[in-house]
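Colleague: I am new to this structure and would like to learn how to read it. Please take the features one by one.

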Amino acid sequence: MAPSEAALNRVLYVLLVVVGYLFVGEIRRAYERRQQALWDDRYIDAVRSSPEEWKLGWRLEDLESRLHSQRRVADALVEADGDVQHLVSAVSGHEEEYHTLECVSRLGKRVHVGPDEFRDMADRCHLFSGLDVKDAPAVGPHELFEIVPLDDDAIGLRALSNGKFARVRAPGDDAAWDAPWTVEFASPLPGLAERFQLRNVPKPAAQDDVVKQDDPWSATTTETKVWAPSFRMLYSELMRGFIQCNGGGVSEPVRGFSGEAADESRVEFQFNLTRADAATMAKARELLKASKHAEALRAKADASRRARLLAASAERGEKFSLTPGERLPRRGPSALDSGSLKVAIVVPMTSRGTDMDGVEQSPLWFNLFASFVESVDWRKNRHTFHFYLGFDKGDDLYDTGDAWSEMRRAFRAHAKKALRWLGYGNFTVARVADGIDGSKPAVDLTLVHFSDTAGAP
């Protein structure tokens, strides 16, 4: 081989090695980027899921925070040795401090768990604003929130009503791009979704920059400047945005938007934080104890009823000499199948603690009544359903002026609207809502008001 060819081969060999090295390096970097994108996608997916659907290793900082909380609970249980106050202080890292929250845009209306004060606190409940201070002067357990210091500058919000921490929940994957995040009290321990920061609202430099509105606590018509040292903004570390609530005439959910920069002068981002005194806490704990007592009685009654049903079932099985695995003989058709029944549906109602302007805004139509109409096959139905709606005598909405006539008109109108929406024809709609050929309608309404209801829940 000529010297020139040998030199050329060496050059080509070196170039080939360099190209191979660059090619391998590019493949390695592409693999690393793909792995990072894969973990990012999984992390986002895990954050959007609930804590009950964790994918281990995808929310490591959340897992670390929860393990830290659990370790503190375990250490406190060992050290407390029956001292409840010491246990509470050790677990939370501070003495108990409960506060009420008001949206500055709706001063005079407290923030609370659930859409109204009669919501069952046992389920997963969202945070709402709209409970009028004048209509509900006693602060209930669903309006009191403990501020629990976490690491760094973060805090957790724990409701007295169910002992759960507030967390932000992202909208579903199929939601609109501008769908809000919600705030719900459902977490037993604080994690990333339960971490918030309380930030001060700076005092405006000039009086002209301060929004003015009537003072909700004053009997006079004087105006007050809407700023106080107790005003705070609530920042979510997971959402990377501020929690807000807008003004309005009805109870509205407290919400937030991811990555939104807050204008500190806008009252929608501001909350009035007021520490609860000893008398308020004593009353709230008394109400909570009564609620838990009623819940325990209900659970005991349900358990007793199930025991009676099981005993009766066992007795019938013994009567028919059934062996394990056998079933009772098929019974004949019941009145539900072949006869005609009159079914009474009794609904207690109140407008207290709400901002409804008319009976059309009653939650009855959109919750119970809509679900009821949808659950019956009205083409085959032979039964009569009679609604009995009861409320306090002199109720501000349901028992004033022409409210009874408006309720009856709304009852018929919503029945027809729901039936048509479900696809029923004119004949079925008329038979159910109005009755035909002298027959009574399949759904009817009776209104009843009650006096002497002082002390009722």
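Modeller: Buried means under 20% relative accessible area, exposed over 50%, and partly exposed in between, with a 1.4 Å probe and protein chains only. This is a predicted model, where local features need pLDDT of at least 70 and side-chain atom pairs count only at pLDDT 80 or more, while totals for chains, interfaces and linings use all residues. Residues are numbered from 1 along each chain as its sequence is written, and side-chain values use heavy atoms, with hydrogens and water left out.

Colleague: What does Arg-110 form with Glu-143?

Modeller: Side chains of opposite charge can pair when their charged atoms come close. The term salt bridge is used for a side-chain nitrogen of Lys or Arg within 4 Å of a carboxyl oxygen of Asp or Glu. Arg-110 and Glu-143 form one, with 2.3 Å between the closest N and O atoms. Arg-110 is in strand E2 (residues 109–113), whereas Glu-143 is in the loop between strand E3 (125–132) and strand E4 (145–149), so distant parts of the chain, 33 residues apart, are linked. Helices (H or I, at least four residues) and strands (E, at least two) are DSSP runs, numbered from the N terminus.

Colleague: How many salt bridges does the structure hold?

Modeller: The structure holds eleven. Among them is Arg-158 with Glu-146, where the closest N and O atoms are 3.1 Å apart. Arg-158 belongs to strand E5 (residues 155–159) and Glu-146 to strand E4, so this pair ties together parts twelve residues apart in sequence. Arg-158 and Glu-146 are both buried.

Colleague: Are Arg-412 and Asp-444 buried or partly exposed?

Modeller: Arg-412 is partly exposed at 23% relative accessible area, and Asp-444 is partly exposed at 22%. Their side chains meet in a salt bridge of 2.8 Å, N to O. With Arg-412 in helix H7 (residues 403–421) and Asp-444 in strand E18 (residues 443–450), the pair ties together parts that are 32 residues apart in sequence. Salt bridges with shared partners also join Arg-167, Arg-169 and Glu-184 into one network.

Colleague: Which cysteines form a disulfide?

Modeller: A disulfide is a pair of cysteine sulfur atoms within 2.5 Å. By this rule there is one: Cys-103 with Cys-245, their sulfur atoms 1.6 Å apart. Cys-103 lies in strand E1 (residues 98–103) and Cys-245 in the loop between strand E12 (241–244) and strand E13 (252–253), so parts 142 residues apart in sequence are tied together. Cys-103 is buried at 0% relative accessibility, and Cys-245 is buried at 2%.

Colleague: Which residues of the largest nonpolar core touch the most other members?

Modeller: A nonpolar core is a set of buried Ala, Val, Leu, Ile, Met, Phe, Trp, Tyr and Cys residues joined through side-chain atoms within 4.5 Å. In the largest, of 32 residues, those touching the most other members are Phe-369, Phe-372, Trp-378, Phe-387, Leu-389, Tyr-398 and Met-407. Elements that each supply at least two residues include strand E16 (342–348), helix H6 (363–374) and strand E17 (384–392). Helix H7 gives the largest share, six residues.

Colleague: What other core is there?

Modeller: A second, separate core of 28 residues includes Cys-103, Ile-147, Leu-234 and Leu-238. The cysteine named here, Cys-103, is also in the disulfide with Cys-245.
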